[in-house]
Structure formats: structure tokens, C-alpha cells
Amino acid sequence: MRTSFKRLFACCALLLAPNAWALNLFACEPEYAALAQELAPEARIFSATTALQDPHQIQARPSLIAQMRRADLAICAGAELEVGWLPMLQMKANNPKVRDGLPGMFYAAEQVDTLDRLDSVSRDMGDVHAEGNPHLHFSPQRLLRVAQVLTERLAQLDPTNAEHYRANFDDFSARWLTAIPVWEAKAAPLHGQAVIAYHSSFRYLFDWLGVEQAGDLEPKPGLPPSTAHLAGLLALTEQQTIMAVVHAGYQDRRGAQWLAQRAELPVVRLPFSTGQEGIDSLFALYDAVLEPLLAHVGE
Amino acid sequence: MSSTFRIHSTAIAVAALMGTAFSAQANLTNPEISLVLDGHYQSGERALGEREEGFALGHTELAISAAVDDKFYGKLTTVLESHEGEIEVGLEEAFIQTLAMPWALSVRAGRFLSEIGYLNNQHLHSDAFVERPAAYRAFLGGHYFDDGIRLNWIAPTDTYWELGTEVFGGDPLQAEGLDHAETVGVYHLYSKWGGDIGLAHSWQAGISWLRNENGQGGVHEEHAEDLLDDHDHDHSHGAEFTGRDLFNVSAVYKWAPGGNYKYNHLTISAEYFYLDSPFAGEEHDHDHHALAEEAGADYFDGWYVSGVYQISPSWSAGLRYGQMSAGLMEAHGDHSHYHPADIKETEAMLAWHPSHFSTVRLQYSHQDVHGLDHADDHQFTLQYVMTLGAHDAHQF
């Protein structure tokens with residue numbers, strides 16, 4: 001055994017080449033990869049998921065452990081969104097930088113006030129999170145706050161480039177603050193509209209724009225739409241004017257279609273994040289999420 | 001076996017812990033607590049199986065884990081099993097693991113599941129079938145956990161590469177009737193690789209070499225027919241067949257459309273075990289030389305292939321085929337006989353998952369068994385596995 005230990009150490013020494021170049025950033029979701037791209041474009045940025053994958057249900061795949069092993073900073077939504085896979089990556093990656101509570105582990109939900117926090121959580125409520133809704137990237141003010149704290153985190157981890165990250169934030173912040181009133185003006189007709197949507201994926205978007213989510217295709221968070229539940233939603237459409245049935249790209253459209261056909265409503269598929277369908281930035285994502293909703297106002 | 005002690009069905013200390021409120025997030029003052037409830041009705045019993053005929057409980061697990069401080073993580077998993085009216089409390093995991101070692105190294109010490117093979121380090125409650133494959137039951141006692149230490153290293157590469165070594169006491173893999181057993185019996189070297197092919201395909205492969213200083217058995221002083229009875233009574237979680245070297249190769253492939261595991265995904269896994277030199281050579285066996293009239297097999301082996309498809313978030317179905325071949329040397333007065341034993345097993349299961357936390361499974365197993373008693377050719381099992389408390393993060 002002694003010789004195999006020696007070999008192991010010799011092997012390690014060879015592979016531990018100095019790592020002086022830009023930061024390695026591990027983003028749990030593509031929206032945080034896009035945010036990192038704004039603040040640290042020189043960094044090596046890896047997104048663990050795509051906009052077409054349910055971030056609740058990711059496998060702790062070997063490829064993700066390998067990426068986590070080299071990360072200087074992991075940027076995740078938090079609020080238990082990644083509870084089914086991120087702790088396993090942290091445990092298996094043998095990377096002391098990305099432990100909870102250390103500068104290398106950043107949770108967006110810890111930087112802002114989340115919506116729908118719960119004092120107590122019971123499993124009969126479905127898959128809900130006590131720390132509130134984690135899909136906060138459709139709240140422009142919250143995302144800006146996250147960007148600000150993330151900038152300081154980057155500065156802390158890479159002090160030589162601190163001013164560079166702050167300059168990138170100032171630039172992003174200026175463009176973002178210019179874009180917000182433009183989006184709000186464009187989205188004004190959506191105010192007061194009601195939709196039926198899949199999960200609470202767009203909770204923050206609807207909160208921002210004043211759209212009411214009158215019904216959820218999921219009977220309880222995390223459970224697939226059932227026929228009985230869809231029938232209940234169909235009854236709801238007879239009592240209330242609903243603009244559209246909304247779902248994200250990673251969600252099955254069959255439940256939405258079943259309901260939409262019977263209620264004669266349009267089905268609107270919204271992009272959930274960046275990196276797919278030509279959406280290459282957070283600005284493009286906000287544009288792309290407003291467009292299909294606006295197309296159905298007043299129908 | 002030292003890891004398992006029996007108490008009669010009185011209230012046990014762990015029950016007090018269950019009163020603690022389940023935490024939303026683990027931290028120092030608030031450890032993660034999770035409880036697994038597992039029960040079944042089974043129409044028969046599998047050769048070398050753990051599940052009893054009729055109504056019975058499987059592994060009822062209570063696990064507590066948290067970071068101890070910024071340097072160490074700790075986990076305790078107790079298992080309660082019911083056997084013939086008695087409740088057994090087992091300690092399946094009680095380990096610490098380093099959180100802050102440099103150079104991508106990590107050390108785990110205490111009692112923990114060995115990294116051998118693909119299934120062994122997974123908890124039984126995450127299995128897709130009601131029992132481990134026959135090769136696991138024969139060569140690892142279903143799942144091999146032991147007291148020892150592990151050192152592992154993760155390579156700084158895009159393709160996952162893990163290299164590790166484990167040293168264990170080796171009691172669960174100790175051959176019967178050893179005159180002198182080494183106190184440190186098991187040395188294990190393993191390596192695992194893994195990666196993605198595009199967005200939809202992921203794979204992992206592993207190789208293992210487990211050296212067992214106490215694995216070579218001599219002669220059983222009992223009849224083969226007693227083997228399963230003995231297993232029931234002792235219910236030692238030890239391996240039924242041991243040898244000097246146990247080799248394993250494993251491969252897993254998973255597919256989900258676009259890598260989105262929400263609705264459909266497929267898992268195909270296969271493993272092969274090769275157990276070398278199950279019986280001691282003559283040079284170590286002078287005292288029993290006269291007994292060694294009949295030579296045993298030079299090696300035992302076993303393998304399985306399994307495929308599980310998630311049809312929808314609520315339903316999954318799977319097929320598994322596995323076999324193992326081994327044998328026992330038995331004493332009959334002044335001479336010994338070699339009795340081969342083998343299992344061929346075909347299984348089909350259908351599982352209903354009302355949520356992430358609950359599963360109800362129906363499984364049919366067909367067994368073709370030679371040299372081992374008390375096995376039924378056909379078994380139907382209806383099983384539930386449910387988890388309460390902290391949300392488990394599952395391994396690949």
C-alpha cells in the first residue's frame with residue numbers, strides 16, 4: 001500500500017499546475033452564467049444546466065463534479081432550488097473553496113427578499129421552499145441587487161481585478177437601469193391581466209408586471225398536472241377572464257394544451273433562461289419573455 | 001457480528017431524535033435529519049436475500065448529518081430491521097469526512113459504504129429494485145459497509161476522474177473458520193471516470209480491486225442446506241462467499257431528452273464481479289491437508305445488467321438480469337466435498353412515484369437456483385419506500 005500512496009502523491013504533484021489565470025466560475029443556472037458574463041467576461045464560466053432542463057431535477061453527474069472541483073466560485077439560486085443535487089456535488093468535488101458559508105459559494109436568494117417565504121413547511125404542501133421562491137431572476141431590481149453583491153464577491157476572491165469587476169458592474173447597472181423603464185412601458189398592457197401558469201416559475205415576472213397567476217397547472221408544487229386538477233382549472237376559466245396558459249420550455253406542454261383547447265385560450269411558451277433559442281444575455285431574455293405575452297393581450 | 005446487536009421491540013433511543021423538528025436547511029445547530037420507511041409483502045424469498053416472506057419491514061433508516069465545523073462533516077445512519085419478531089439496530093454509517101483538505105484530496109473515516117462497484121455506495125432506499133443483484137448479495141452481503149478509512153482524489157480534468165483507496169477491518173468479508181484473522185483485512189483501490197456526451201447522454205465507469213487478507217476460507221463444518229437457515233438466524237450482513245481478491249468493473253449510462261430529467265429518463269447499468277482464489281492453497285493448509293480431497297473452484301463470479309425507464313414523473317419500469325456462480329467446501333467426517341452454488345435471476349418492476357419522496361413498487365422475480373436452499377422460483381413483492389425530513393441529494 002505504501003508504494004501506491006507514493007504513486008498517488010507523485011501523480012497529484014504533476015497535475016497541480018499553477019492556476020494564475022482568470023477565475024473559474026460554476027453557475028448552477030444559465031441566468032447566473034449570463035450575469036457572470038456581464039461582470040467577469042474574462043472568466044471561465046460553466047453553466048451546470050440549460051434553460052430546457054428543470055433546475056429542481058438535475059442529476060449530480062460526474063461531469064458536474066469535475067467542473068465543481070475546479071471552481072473558484074459557485075453561483076446558484078439557492079432557497080433549496082438545487083437541494084437535490086448541489087450538496088452531492090459539494091460533497092464529491094473535494095473543493096474546499098465552494099463550501100456553504102465560504103466566499104466561494106454564492107446563493108442569490110440570500111442576497112434579496114424572496115417572495116412566498118414560509119414559516120413552516122410541510123410535505124403535504126408539495127415541494128415548497130421555506131426560504132421562498134428561488135426563481136428570482138425575473139425580478140429586475142432583485143437581479144441588480146444580486147449583481148451588486150456578486151461584484152463584491154468577485155472582488156474579494158480576485159482582489160487584483162477588483163476595480164475591473166466594479167467597472168463592469170457600473171456598466172451593467174447603467175444599461176439595466178435604462179432598460180427597466182423601457183420594459184415596464186412596453187409591458188404596461190399586461191398589468192391586471194390574469195394567466196394560468198405551470199409551477200411558480202414566473203412568480204417574480206408576474207409580480208413585477210402586475211400580472212395575476214389565477215391558477216397553477218400543478219396541483220401542488222412539484223407534482224405533475226392531473227386530470228382532476230385540470231378540470232378544476234377549466235371551471236376557473238369560465239368564471240374569470242384568463243389571457244393565456246403559460247409554461248416554460250422545460251415543462252411538458254400537454255397539460256397546458258389540454259386546458260387551452262377546451263377553454264379556447266392561447267398556450268404561451270416562455271423562455272426560462274439564457275443560452276437557448278438565440279437568447280445570449282439577460283437583456284435578450286427579458287425582451288424574449290415579454291414579446292409572446294404582449295402578443296396575446298386583448299385576445 | 002459486532003455491527004448488529006439485538007433488542008426486543010422496546011422504544012429505542014433514536015426515537016427521541018425523531019421528535020426534533022425537521023430542518024429546512026442544515027447548519028451547525030440544525031442538522032439534517034431524514035427517515036426512510038420501507039415495508040413489503042413478498043410471496044417468497046430470494047436466495048441470499050434479506051427480505052422475508054409475507055409482511056415485513058425492509059431498511060428503516062434514520063440519518064443525521066451536518067458539518068461539524070469548517071473542517072469536518074459528520075453523518076450517522078442507523079438501520080432498524082425486523083427479523084423473526086425481533087428488532088435489530090444496525091449502524092450502517094458513522095463517519096467523518098474532511099471538508100477543507102488541499103489538492104482535491106478528501107479523507108473519510110469511521111464506518112461507511114465502500115466505493116466498490118456502482119451500486120455499493122448508494123443507499124438501499126434509492127435502488128430501483130427491491131433487492132441488490134445476486135452478485136452483490138453473494139460477494140458483498142448486499143451492500144458492504146465497514147470500519148476503516150478512505151483517501152480519494154479528484155483530477156482537475158473536464159472528464160471526471162476519481163482515484164481512491166480504502167482500508168477496512170474486513171469483518172463482514174471474513175471467511176468462516178479462520179484460525180488467525182488479520183485485524184486490518186481489506187485493502188481496496190478504485191478508480192471512476194465519467195462525463196457527458198452532448199446534453200442528453202451521461203456515463204460513468206469504474207474499476208475496483210479489493211484485496212481481502214481474511215477472505216480465503218477453508219472448510220465449512222456444516223451442510224449446505226444449513227447455509228440459509230444460518231443466514232436467517234445470524235442475519236450477519238457479511239458476504240456469503242469470500243476470497244483473496246475481488247475485482248469489479250461497472251458502467252452506467254443515463255439518457256434524458258435534452259438532459260431534462262423531469263419527465264423521462266433511462267438508466268442502464270452493468271457490473272461484473274470476479275472473486276479470485278476463494279479457497280486457501282495447500283501450502284497454507286497443512287492441518288487440513290487430509291481434508292482437501294476435492295479441489296474447489298479457482299474463482300467465483302457474477303454480473304448483472306439493469307435498465308430502468310421513467311415513463312412519466314409518476315411511473316417508472318425496469319428489467320434486470322443477473323447471475324452468480326460460487327460454491328462451498330464442506331466437511332463430511334474425514335473428507336470434504338465441493339458443492340457448487342449458482343443463481344440466475346430475472347426481474348421486472350413497475351414503480352409508482354406520487355412525489356419525489358414516495359415510491360410504491362411491484363416486482364416479479366424469477367430465480368433459477370442450484371446449491372442453495374430455501375429459495376422460491378417465483379416471487380412477487382409489493383414494496384413501499386418513503387422518506388421524511390431533509391431532502392436527500394442523490395448520487396448519479
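## Contact between the domains of chain A

In chain A, 26 residues of domain 1 are in contact with 24 residues of domain 2; two residues are in contact if their C-beta atoms, placed from the backbone, lie within 7 Å. On the domain 1 side that touches domain 2, the elements giving two or more residues are helix H2 (30–39) and helix H5 (140–157) of chain A. H2(A) gives the most to this side, with five residues. Helices (H or I, at least four residues) and strands (E, at least two) are DSSP runs, numbered from the N terminus.

By class, this side of domain 1 has 12 nonpolar, eight polar and six charged residues. Ala, Val, Leu, Ile, Met, Phe, Trp, Tyr, Cys and Pro count as nonpolar, Asp, Glu, Lys and Arg as charged, and the others, Gly among them, as polar.

## Model and domain layout

The model is predicted: local features need pLDDT of at least 70, side-chain atom pairs count only at pLDDT 80 or more, and totals for chains, interfaces and linings use all residues. Residues are numbered from 1 along each chain as its sequence is written, and chains are lettered from A and ligands numbered from 1 in the order in which they are written.

Domain 1 of chain A covers 21–117 + 126–182, and domain 2 covers 187–294, with bounds from an automatic or database domain assignment. Their C-alpha centres lie 25 Å apart.

## Contact between chains A and B

Between the chains, 45 residues of chain B are in contact with 42 residues of chain A. Strands S7 (105–113), S8 (145–154), S9 (160–168), S10 (186–197) and S11 (201–212) of chain B each give two or more residues to the chain B side. S10(B) gives the most, with five residues. The chain B side divides into 22 nonpolar, 19 polar and four charged residues.
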